[in-house]
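Please read them with the structure open.

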Amino acid sequence: MAATPTLPPLIKESGQREVFCGLTSIVWLHRRMPDAFFLVVGSRTCAHLIQSAAGVMIFAEPRFGTAILGERDLAGLADANDELDRVVGDLLGRRPEIRTLFLVGSCPSEVIKLDLAKAAERLSQRMVGRVRVVNYSGSGIETTFTQGEDAALTALVPMLPASDAPQLLLVGTLADGVEERFLTLFERLGIGPVRSLPPRQSTELPPVGPGTRLLLAQPFLSDTVRALERRGARRIASPYPLGVEGSLAWMAAAAAAFDIDPIQLALVMDPLVERGRRALEPLRRQLEGKRLFLLPDSQLEIPLARFLHRECGMELVEVGTPYLDRQLMTEELALLPPGTQLSEGQDVERQLERVRASRPDLVVCGLGLANPLEAEGIATKWSIELVFSPIHGCDQAADLAELFARPLHRRELLQWN
Ligand code: SF4
């Protein structure tokens, strides 16, 4: 009988939370699929959130918008479905290039129980052959911001064509340049075909079936993985491709799943590993021995903690995560130092008390907590930046470490002045 691995100590909390909602993920999803449009069905607050989160990055006509639920909708005095149909009709009339329309639910649309699944079905039938209408929820009532991507991808899974053919499916949004480098590496290893979810064009949905092996690029896709597994796909268990060690383990897991000779793996990966480790050396000197506290926000916390401890020498005070999917985290948890304090969920006041009591050198947290902590003299790193930056792969390991070295350096300069 296999021994049960010892789990690190875990604090479970539920209380007031300080995280962005799932609407935030529209910022990177709309860049990934330029032929898709994300229509938030929500309030003015939702519109402000999405505009301020993404507005600075828009250089062309935006590919997201908000159908505002007014007071009459919220009071049940108007038929919100009629309004929605009118907004969608106007939008698609003006923007014929849209191929997939995501109707994104919000807290207000959930509160008034607007049935967006039915609306998507109705609109899809009306637009058949022209636009596919998909719905998911980005509501912040019970979720954190990366779960927006999980919900969007889960909504796409029933639409994927069926195929039994062997293939590798990368799951989770990667920066285009990073994805291209990975595709080149898989090709050199002899693994193929390799497809991605989400695809670069929303109409080019990858097939799925019993021959599909899933390799997760992001750790926050629990529901997507379960939905793909229900379609017959099988997940390749692996750490996530953050840092040199994680990226090598990720490629090695894929190579093993496709019976690639370890000699071939070494031939392809050794030069990258060597280069990645060399680039990390000066950053390790800056980060080594520094004490790190990760508050739960992006769901990237555990792989980041593993990287920052094992490859950069940081000490882990506490590693928070919005929720702990033990299955998707097994390989990562095994790489954390024994006794690492984990916390799941959030009770923000209690967490801040632990931060103040432990006086870490760096806190990774959401935007809302960063300013108050900085004012108390504690250096912070915004976790949301990590989902907007190309951080995956051996080549990016030094850039990833630098994201954490920079605020420490800044704090040192402030202390000298
Ligand atoms: S979905 Fe909810 S949490 Fe997000 S902006 Fe709208 S009201 Fe706020």
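1. Asp 259 sits in the loop that links helix 10 and helix 11; helices here are DSSP runs of H or I with at least four residues, strands are runs of E with at least two, and both are numbered from the N terminus. The phi angle of Asp 259 is near 55 degrees, a positive value in a residue other than glycine. The model is predicted, local features need pLDDT of at least 70, side-chain atom pairs count only at pLDDT 80 or more, and totals for chains, interfaces and linings use all residues. Residue numbers start from 1 along each chain as its sequence is written.

2. Axes are lines fitted to C-alpha atoms, for helices over the stretch in contact, with angles from 0 to 180 degrees between N-to-C directions.

3. Contact here requires C-beta atoms, placed from the backbone, within 7 Å of each other. Ala, Val, Leu, Ile, Met, Phe, Trp, Tyr, Cys and Pro count as nonpolar, Asp, Glu, Lys and Arg as charged, and the others, Gly among them, as polar.

4. The domain assignment divides the chain into domain 1 (22-143), domain 2 (167-262) and domain 3 (276-416); such bounds come from an automatic or database assignment. Domain 2 and domain 3 have C-alpha centres 25 Å apart. Their contact takes 24 residues from domain 2 and 27 residues from domain 3. On the domain 2 side, helix 8 (176-189), helix 9 (222-230) and helix 10 (243-257) are the elements that give two or more residues. Helix 10 gives the most, with six residues. The domain 2 side has 16 nonpolar, six polar and two charged residues.

5. Helix 12 (residues 301-310) and helix 13 (residues 326-333) have axes that come within 10 Å and cross at roughly 5 degrees. The pair is therefore roughly parallel. Ile 302, Pro 303 and Arg 306 of helix 12 make the contact with Met 329, Glu 332 and Leu 333 of helix 13. That contact has four nonpolar, no polar and two charged residues.

6. One joins Gly 192 and Pro 193, with omega about -5 degrees, and Pro 193 is in the loop between helix 8 and strand 7 (194-197). The other runs from Leu 197 to Pro 198, with omega near 0 degrees. Pro 198 is in the loop between strand 7 and strand 8 (212-216).

7. The ligand is surrounded by 13 residues, the closest being Cys 21, Cys 46, Ser 106, Cys 107 and Gly 140; a residue counts as near if its C-beta atom, placed from the backbone, lies within 6 Å. Helix 2 (44-54) and helix 5 (107-111) are the elements that give two or more residues to this shell. The largest share, three residues, comes from helix 2. The shell has six nonpolar, seven polar and no charged residues.

Definitions and conventions
Two residues are in contact if their C-beta atoms, placed from the backbone, lie within 7 Å. Angles under 35 degrees count as roughly parallel, over 145 as roughly antiparallel, 65 to 115 as roughly perpendicular and the rest as oblique.
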